[in-house]
Structure formats: structure tokens, C-alpha cells
There are 2 protein chains.
Amino acid sequence: MIRVEIIAVGREILTGRTLDTNSHWIAGRITALGGALGRIVSVDDNLDDISAEIASSVARGADVVITTGGLGPTADDMTLEGMARGLGRGLSLDAAALEFVRKRYELFFEQGYVDSKEMTPSRRKMAVIPEGGEWLSNGVGAAPGIKLEAQGTVFFALPGVPEEMRSIFEESVEPFLRKLFSGIVRLEESMATGIGDESILTPILKRVMKRLKGVYLKPDPKGFGTGVDIGVYISVRADDKGKARARMNCARRMLLSELESARRGSR
Amino acid sequence: MIRVEIIAVGREILTGRTLDTNSHWIAGRITALGGALGRIVSVDDNLDDISAEIASSVARGADVVITTGGLGPTADDMTLEGMARGLGRGLSLDAAALEFVRKRYELFFEQGYVDSKEMTPSRRKMAVIPEGGEWLSNGVGAAPGIKLEAQGTVFFALPGVPEEMRSIFEESVEPFLRKLFSGIVRLEESMATGIGDESILTPILKRVMKRLKGVYLKPDPKGFGTGVDIGVYISVRADDKGKARARMNCARRMLLSELESARRGSR
């Protein structure tokens with residue numbers, strides 16, 4: 001079972017100014033790729049907090065950690081420093097990353113988006129990366145992403161601006177995850193139950209989950225007053241597509257049979 | 001400095017099916033009340049993960065921890081069990097909480113929302129709470145919230161259904177936080193800078209923050225290509241309103257003066 005975690009860095013999430021749609025988007029992509037996200041944490045722009053979360057992901061044995069935010073030129077962009085500290089590594093200027101940043105600012109200057117193409121200390125900082133890391137091209141903005149393997153965990157540091165995050169994810173993270181997850185197939189579907197009472201539904205779902213390996217069932221509670229039919233979400237995982245389909249068919253049939261019994265009041 | 005943390009429990013967040021608007025809403029309320037949220041973590045419906053996060057909040061010295069989700073009648077609602085385990089406490093049936101749950105189901109049965117008012121084991125489970133906890137009335141659904149003080153941390157367990165979460169927050173959590181935060185005033189505002197280049201803006205914000213205590217400044221980076229004016233978000237905290245206002249005025253004036261110098265190119 002491959003464990004993926006997200007560390008979303010940025011005070012704007014903690015103050016409630018920004019809704020963390022980045023983590024939601026990444027979560028959906030990981031699920032679609034057949035993986036499972038183990039944890040999302042949002043932390044402040046603070047070296048102690050960032051480095052503690054990095055170390056804690058390693059300690060939990062996370063296989064992949066994706067960070068978002070904190071890669072830009074400003075004083076409170078400190079994800080890479082926090083990552084280096086959490087892993088006990090140094091930071092150094094990466095020549096190739098610096099060249100990438102320089103080219104981006106030349107382009108943005110030509111396009112009139114920035115007032116100067118000068119490589120100020122703030123801009124150079126974006127190319128100062130943890131030792132052993134490699135830079136990832138950013139097709140939208142100036143901050144390179146970072147990939148780093150340390151203590152059995154692969155880290156991807158992505159920017160917080162959603163368009164930049166998605167661009168680097170699709171270009172560099174997704175191909176890596178696809179390879180990592182290959183061999184795990186996940187299928188999902190939802191079905192109506194004809195039952196409006198969770199306390200009747202719960203023991204049925206428990207029974208089916210107990211009997212079938214690799215099947216996860218969950219009611220969709222919408223609160224009370226939304227009608228008499230609670231939906232059930234079925235999630236199935238297996239080594240290959242054939243097994244996953246067979247498992248899904250089996251889960252659906254067993255559920256339908258149990259639900260029919262319950263509706264008849266035979267239990 | 002009072003530390004508040006959120007633990008959002010629920011696989012639906014980690015699979016990307018549900019966007020965690022609960023944490024965002026709570027974050028905004030805490031900021032509005034003058035507090036500061038230190039951390040948000042989303043975990044799976046899993047006893048080990050929930051109890052580990054509870055213990056880790058205590059170890060970090062969190063003053064208040066708010067959990068959302070996992071209070072309902074279904075098999076994967078296990079927040080209270082995880083909380084008890086994380087704090088090394090037992091669980092027991094709370095008679096008053098049970099009475100509340102019973103009355104809610106009687107009402108929902110009368111209203112035609114549920115098929116029976118019988119107190120099934122699943123429904124009784126909602127009144128099984130960690131030792132030392134007190135139940136909080138839920139004005140919308142059947143699951144009571146829980147308040148519990150342990151090892152110097154005050155825990156509030158709220159349901160995951162947004163309407164229920166908000167109702168209990170407003171009725172029971174907000175008055176508690178308001179009292180806790182009294183004496184801390186926080187003011188926020190945003191201003192235009194007339195500067196389009198973060199690498200020029202950054203050293204200015206650094207300088208002003210260094211000179212003024214209790215002032216936090218942050219650029220609003222929208223990526224490139226959004227025009228030449230980057231906004232600045234100013235956040236100020238102080239013991240009372242007068243001091244906070246004075247601090248805000250001072251920060252605004254110092255910023256304006258620095259920005260003008262920068263625009264004139266005198267630096």
C-alpha cells in the first residue's frame with residue numbers, strides 16, 4: 001500500500017482567506033490514478049512548522065509527499081528551507097534551476113509582466129534548493145518545482161498558485177505516480193439503497209465489507225430531511241482491472257440482496 | 001499566543017470527493033474572533049490516524065483542538081473512539097447525551113425523516129463519549145457535539161455535515177473562543193502598492209515587519225500577467241482596539257512612504 005501525503009504551506013489557508021482547492025484537486029488526481037492519499041496538513045509560513053511536518057511524514061513512512069506553496073521570491077516563502085531543515089540537509093544554489101529562473105524573468109520582462117529582468121537576491125532564492133534535489137520546469141510561472149528523494153520518501157515541492165501547481169503536477173508528478181501506482185486498479189460507483197435510515201444501513205455495509213476484501217462502502221449522509229433514499233458509495237481496489245471489476249460486481253450484488261432483505265423487513 | 005488546531009476526519013476529503021469547506025469556514029471564524037489557527041490536518045476514518053493526531057496536538061501544546069466529522073452512527077464514524085485512545089481515556093455511555101439522541105430520533109420520526117424511533121446500537125453509539133467529556137446540543141442533526149478538557153487542551157468534536165457543524169460551533173464553540181481571545185484584537189486590511197514586481201516589494205515588506213511589532217505583511221501573488229499592481233495584505237494584532245488601530249495606522253503610513261520611495265526609484 002503506497003502512502004501519499006500533502007503538506008499545504010501558507011498562512012492564507014489558516015486565516016480562512018484562501019480555500020485550499022489545491023489539496024482537493026491533487027486528492028482527486030491521486031484517486032483517479034488508483035492511489036490513496038493518507039493525509040493532508042496545512043501549516044503556517046514558519047520554518048519550525050514546515051520542518052516538523054516534513055520530518056513527521058518521513059517518520060510515518062510516507063512514500064510520496066507533495067508540498068504546495070512557499071516557493072516564490074518573498075520573505076515568507078520558506079518551504080525549501082523548511083524541507084532542508086526537516087531532512088537535515090543543506091541548501092545550495094542550483095545552476096540549472098538558476099538558469100531556468102533567469103530565462104523566465106527574461107521572458108516575463110519581454111512580455112511586459114515585470115519591470116526588470118535583473119536577478120535580484122529574492123529571485124535567486126528560488127533556485128536555492130535542498131541538496132540532492134532536482135528542479136522541475138514550471139510552464140506557467142518563474143518558481144521551479146523540486147523533486148527530492150530522502151530517507152525512502154520522494155518529495156515534490158510545488159508552487160501555491162493553482163495554475164503553476166497543476167502545470168508541474170501534470171508534467172512531472174503524474175507520470176511518476178502513474179508508474180508507482182501501476183498494478184493497482186481502483187473502481188468507484190454510487191448506488192441508491194431505497195433505505196432512508198442510516199442505523200439500518202450501517203450493519204448491512206459492515207457485513208458486506210467484512211465478507212469482501214478490497215471493498216470499501218460508505219453511506220452518503222446529507223443530514224436529515226433530504227428524502228428517504230441514502231446513497232452508498234462503493235470503492236474497490238485490486239491488482240488488475242479484471243479482478244477489480246469482478247470485485248465490484250460481487251459487492252454490488254451482495255449489497256442489492258442485503259438491501260432487498262432489509263426493505264422486506266425480513267431482518 | 002493561543003494555539004488553535006483543526007483535525008478534519010473523513011476519507012471523502014482524502015479521496016477528493018469532498019472539498020473541506022468546514023475547515024475554511026472555521027478558519028475564517030477564528031480569524032474574525034481575533035484568534036490564529038495554527039494547523040489543519042485531514043485524516044482518514046482510521047483509529048490509528050485519528051488518535052495519533054489527537055496526541056500530536058497535545059504534544060505541541062495546542063490550547064484548543066476542533067475536530068470535524070466522524071460523530072454519526074455508521075461504522076466509519078470513529079472520532080470519539082480515536083480521541084479517547086489518543087488521550088488514554090475510556091469511553092462510556094453518557095445518559096444525558098443518550099437522552100438528547102433519543103429525543104432527536106423521536107422528533108425526526110414524527111417529522112417522517114426516519115422510519116423508526118428505536119434506539120438501535122448504531123444510534124446509541126453517538127452517546128458513547130470519552131470519559132470527562134460533556135455533550136453539546138446539535139440544533140440540526142442527531143449527533144451531539146463533545147467538549148473535553150485533557151492535558152491542558154480543550155477539544156471540541158463537531159459533526160462533518162456543514163449545517164450541523166456550524167450550528168454547534170455558533171452555539172457552543174464561539175462563545176468559548178470569544179472569552180478565550182478577549183484581550184486580543186486583530187485588524188486586517190488590504191492596499192494597492194503601485195508595484196508589479198514582487199522582488200522589489202519583498203525587501204520593503206521585510207523592512208516594515210522588522211521595524212513594527214505585531215504587524216504581518218504579505219503580498220497577494222496572483223501569478224504573472226495580472227497587471228502591474230500587487231496588493232499587500234496587512235494584519236495587525238494588539239492587546240486592545242486602540243493599540244491595534246494605532247499599529248495599523250503606523251504600518252500603513254510606513255508602507256506608503258516606502259512604496260513611494262521605491263516607485264520614485266530613489267532606492
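## Strand β1 of chain B and its partners

In β2(B), B:L37 is the bridge partner of B:V4. The two strands, β1(B) and β2(B), pair in the parallel sense over six bridges. Strands count as paired if DSSP finds at least two bridges between them. Helices (H or I, at least four residues) and strands (E, at least two) are DSSP runs, numbered from the N terminus. The model is predicted: local features need pLDDT of at least 70, side-chain atom pairs count only at pLDDT 80 or more, and totals for chains, interfaces and linings use all residues. Residues are numbered from 1 along each chain as its sequence is written, while chains are lettered from A and ligands numbered from 1 in the order in which they are written.

Strand β1 (residues 4-9) of chain B also pairs with strand β3 (residues 64-68) of chain B, in parallel, through five bridges. There, B:I7 stands opposite B:T67. β1(B) is mostly covered, with six of its six residues buried. A residue is buried if 20 or more other C-beta atoms lie within 10 Å of its own, exposed if 12 or fewer, and partly exposed in between; C-beta atoms are placed from the backbone. B:V4, B:I6 and B:A8 point one way from the strand. B:E5, B:I7 and B:V9 point the other way. Both sets are buried.

## Pairing across the two chains

β2(B) also reaches across to chain A. Strand β2 (residues 37-43) of chain A and β2(B) pair in the antiparallel sense over five bridges. A:R39 stands opposite B:V43 in this pairing.

In total, 50 residues of chain B are in contact with 50 residues of chain A. Contact requires C-beta atoms, placed from the backbone, within 7 Å. On the side of chain B that touches chain A, the elements giving two or more residues are α1 (11-14), α2 (21-32), β2 (37-43), α6 (121-125), α7 (162-181), α8 (198-211) and β10 (215-219) of chain B. β2(B) gives the most, with seven residues. By class, this side of chain B has 19 nonpolar, 19 polar and twelve charged residues. Ala, Val, Leu, Ile, Met, Phe, Trp, Tyr, Cys and Pro count as nonpolar; Asp, Glu, Lys and Arg as charged; the others, Gly among them, as polar.

## Symmetry

Chain B can be laid on chain A with an RMSD of 0.1 Å. In chain B, the C-alpha nearest the axis belongs to B:V41, 2.1 Å from it. The superposition is by least squares on the C-alpha atoms of residues with pLDDT of at least 70 in both copies.

The copies meet through the same surface, because 100% of the interface residues of chain B are also interface residues in chain A.

Chain A is divided into domain 1 (4-181) and domain 2 (185-264). The bounds come from an automatic or database domain assignment. The C-alpha centres of these domains of chain A lie 38 Å apart.

In chain B, an open sheet of three strands has the order β9-β11-β10, with antiparallel pairing. Its edge strands are β9 (185-192) and β10, each pairing on one side only. The twist averages 15° from one strand to the next. Five bridges join β10(B) to strand β11 (residues 231-238) of chain B. Within that pair, B:V215 stands opposite B:V236. α8(B) packs on the sheet, touching β10 and β11 of chain B, and its direction makes about 175° with that of β10(B). Helix α9 (residues 241-264) of chain B lies across β9, β10 and β11 of chain B, at about 150° to β11(B). Axes are lines fitted to C-alpha atoms, for helices over the stretch in contact, and angles run from 0 to 180 degrees between N-to-C directions.

## Two partly exposed residues

B:S137 is found in the loop between β6 (134-136) and β7 (145-150) of chain B. It counts as partly exposed because it has 13 C-beta neighbours inside 10 Å. Leaving aside neighbours within four places in sequence, B:S137 is in contact with B:F100, B:P144 and B:E171.

A:F109 is found in helix α5 (residues 95-110) of chain A. With 15 C-beta neighbours inside 10 Å, A:F109 counts as partly exposed. Not counting residues up to four places away in sequence, A:F109 touches A:V114, A:S116 and A:K117.
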